[in-house]
Amino acid sequence: MPAVLTQNLPTSLLVLATCLIAALLLALPQLRRWDLWRAMVTPLASIIGSGFLVLGPVLAHGYGAWAPAVMAGLCLGAWAFGAAIRRNITRLGDDREAPSKLETLSALLLAIAYVISVAYYLNLFGAFAVKLTPWQGEIPARIVTTAMFLAVLAMGYGRGFTLLERAEYISVSLKLAIIAGLIAGLAWFFGGAAHGGTLFRPEASFSGWQAVAMGFGLLVTVQGFETSRYLGNSYDAKTRVGSMRLAQGLSATIYVVYVALLVYAHHVPEGALSETAVIDMMRDVSPILPGLLILAALAAQFSAAVADTGGSGGLLEELSGRRLSARQGYALLCSVGIALTWVSDVFEIISYASRAFALYYAVQAAITARHAGGARRLGWGALALFGLAIAVFGQSVEGS
């Protein structure tokens with residue numbers, strides 16, 4: 001047996017067995033044929049993008065023992081904004097009426113956020129990918145990113161959303177199978193730490209307004225549920241609403257459990273945090289987890305990029321009054337994304353994507369308030385103001 005498996009052997013076997021079982025379940029034909037599940041894949045892919053690996057160490061470092069509560073709060077905030085979008089989906093139904101000025105504004109904000117977020121996802125993909133090769137550095141990473149943009153464009157332009165959805169399903173299934181193995185390994189490690197009395201209560205690094213601003217900026221890491229709003233060409237309104245609920249519920253469960261198991265049993269590395277910090281932390285759990293997590297990160301970036309590309313196609317088609325097709329929308333997004341890759345540092349501009357998403361959610365909540373009455377109007381209006389506050393005061397993960 002390879003030496004890498006002889007270390008922490010029970011945990012390694014548990015991780016592998018869980019990954020295999022999850023992969024087999026996700027490959028079941030009955031699941032693939034279930035419309036609600038297939039519609040859920042797009043928002044789920046976007047929600048569990050780069051954030052699920054980055055968030056654990058960031059929350060543990062910033063909020064200490066309060067990290068699981070903060071994670072739950074982020075998920076609740078995302079659910080509230082999702083509820084506003086779901087009400088708008090239900091109100092509009094499957095109509096193809098011209099969007100209102102507020103809808104046009106929100107769609108424009110989201111289109112800007114999508115362009116930046118897809119570039120961010122695929123740039124992270126390039127950075128992770130070249131770490132597995134002798135060719136490392138910015139130029140090789142940007143070449144890989146450009147190639148991935150062209151691959152996404154070829155799939156979307158050649159066969160449209162159907163092929164994008166198929167590629168997305170495979171990458172999401174791989175990612176979820178590895179996450180299942182990660183959770184199993186963390187649970188085993190957590191149980192061992194609890195039995196041995198080595199659990200600890202980490203101290204928070206942030207307090208007061210800094211902690212609030214950091215929380216605002218982290219909302220973008222649980223973003224992605226809004227993609228259901230723009231899949232009207234593939235699914236009816238009822239299916240889109242149900243898929244968003246299912247995607248948000250499953251992703252929230254994964255996030256909260258993952259953070260809770262991580263925070264009290266693992267010390268965060270000293271010094272500045274990076275998006276790969278959790279990979280080094282997982283070496284103590286199982287020597288096979290770092291490699292699996294790199295694979296999951298690649299799948300996460302690709303599936304999130306595909307999800308946002310698919311959502312943007314429908315969005316741009318709607319925004320242009322159908323003068324622009326979804327395929328042409330894919331081409332526009334990929335062209336701008338490639339340009340951003342070569343002229344910009346995506347880690348510096350990701351904060352603008354965070355603000356654009358928050359503004360989009362604020363406008364969607366304002367639309368819901370406009371069509372509500374009484375106390376509900378006040379509640380949705382308050383949610384819109386909350387979105388504006390996030391856009392103005394939020395601090396991005398990279399800026400922390």
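Rings of Phe, Tyr and Trp (for Trp, the six-membered ring) pair if their centres lie within 6.5 Å; planes under 30 degrees apart count as stacked, over 60 as edge-to-face and the rest as tilted. Keep that rule at hand for the ring stops below.

**Before you start**

This is a predicted model, in which local features need pLDDT of at least 70 and side-chain atom pairs count only at pLDDT 80 or more, while totals for chains, interfaces and linings use all residues. Residues are numbered from 1 along each chain as its sequence is written, and side-chain values use heavy atoms, with hydrogens and water left out.

**Stop 1: the whole chain**

Show the protein chain as a cartoon. It has 16 helices and 0 strands. Helices (H or I, at least four residues) and strands (E, at least two) are DSSP runs, numbered from the N terminus. Of the 400 residues in the protein chain, 56% are buried. Buried means under 20% relative accessible area, exposed over 50%, and partly exposed in between (1.4 Å probe, protein chains only). Now think about contacts, meaning heavy atoms within 4.5 Å. Among contacts in the protein chain between residues at least 6 apart in sequence, 85% join residues at least 24 apart.

**Stop 2: the ring cluster**

Select Phe 81, Trp 209, Phe 216, Phe 225, Tyr 360, Tyr 361, Phe 386 and Phe 393. Ring pairs link these residues into a cluster. Zoom in on Phe 216 and Phe 386. Their rings are 5.6 Å apart, centre to centre, with 80° between the planes, an edge-to-face pair. Phe 216 lies in helix α10 (residues 208-217) and Phe 386 in helix α16, so this pair ties together parts that are 170 residues apart in sequence. Phe 216 is buried, at 15% relative accessible area. Phe 386 is partly exposed, at 35%.

**Stop 3: α6 against α16**

Two packed helices are described by the angle between their axes and the distance between the axes. Axes are lines fitted to C-alpha atoms, for helices over the stretch in contact, and angles run from 0 to 180 degrees between N-to-C directions. Helix α6 (residues 67-92) and helix α16 (residues 374-393) pack at about 125°, with their axes 11 Å apart. That makes α6 oblique to α16. Here is the scale: angles under 35 degrees count as roughly parallel, over 145 as roughly antiparallel, 65 to 115 as roughly perpendicular and the rest as oblique.

Show the side chains. From α6 come Ala 80, Phe 81, Ala 83, Ala 84 and Arg 87; they meet Arg 376, Trp 380, Leu 383, Phe 386, Gly 387 and Ile 390 in α16. By class, this contact of α6 with α16 has 8 nonpolar, 1 polar and 2 charged residues. Ala, Val, Leu, Ile, Met, Phe, Trp, Tyr, Cys and Pro count as nonpolar, Asp, Glu, Lys and Arg as charged, and the others, Gly among them, as polar.

**Stop 4: Tyr 114 and Phe 357**

A search of the whole structure finds 8 aromatic pairs. Select Tyr 114 and Phe 357. Their ring centres are 6.2 Å apart and their planes at 75°, so the pair is edge-to-face. Tyr 114 lies in helix α7 (residues 101-130) and Phe 357 in helix α15 (residues 346-370), so the pair ties together parts that are 243 residues apart in sequence. Tyr 114 is buried, at 0% relative accessibility. Phe 357 is buried too, at 1%.

**Stop 5: further along α7**

Pick Phe 125, also in helix α7. Phe 125 is buried, with a relative accessible area of 12%. Which residues does Phe 125 contact, leaving aside its neighbours within four places in sequence? They are Val 144, Met 148, Leu 298, Gln 301 and Phe 302. The C-alpha atoms of Phe 125 and Leu 298 are separated by 5.5 Å, although the two are 173 residues apart along the chain.

**Stop 6: α4 against α11**

Select helix α4 (residues 35-47) and helix α11 (residues 237-263). Their axes come within 8 Å and cross at roughly 50°. The two helices are therefore oblique to each other. The residues of this contact divide into 10 nonpolar, 5 polar and 1 charged. Among those on the α4 side are Leu 36, Met 40 and Leu 44.

**Stop 7: two single residues**

Go to Leu 218, in the loop between α10 and α11. Leu 218 is buried, at 0% relative accessibility. Finish at Arg 142 in helix α8 (residues 138-159). Arg 142 counts as buried at 18% relative accessibility. Arg 142 touches Thr 341, Trp 342 and Ser 344, not counting residues up to four places away in sequence.
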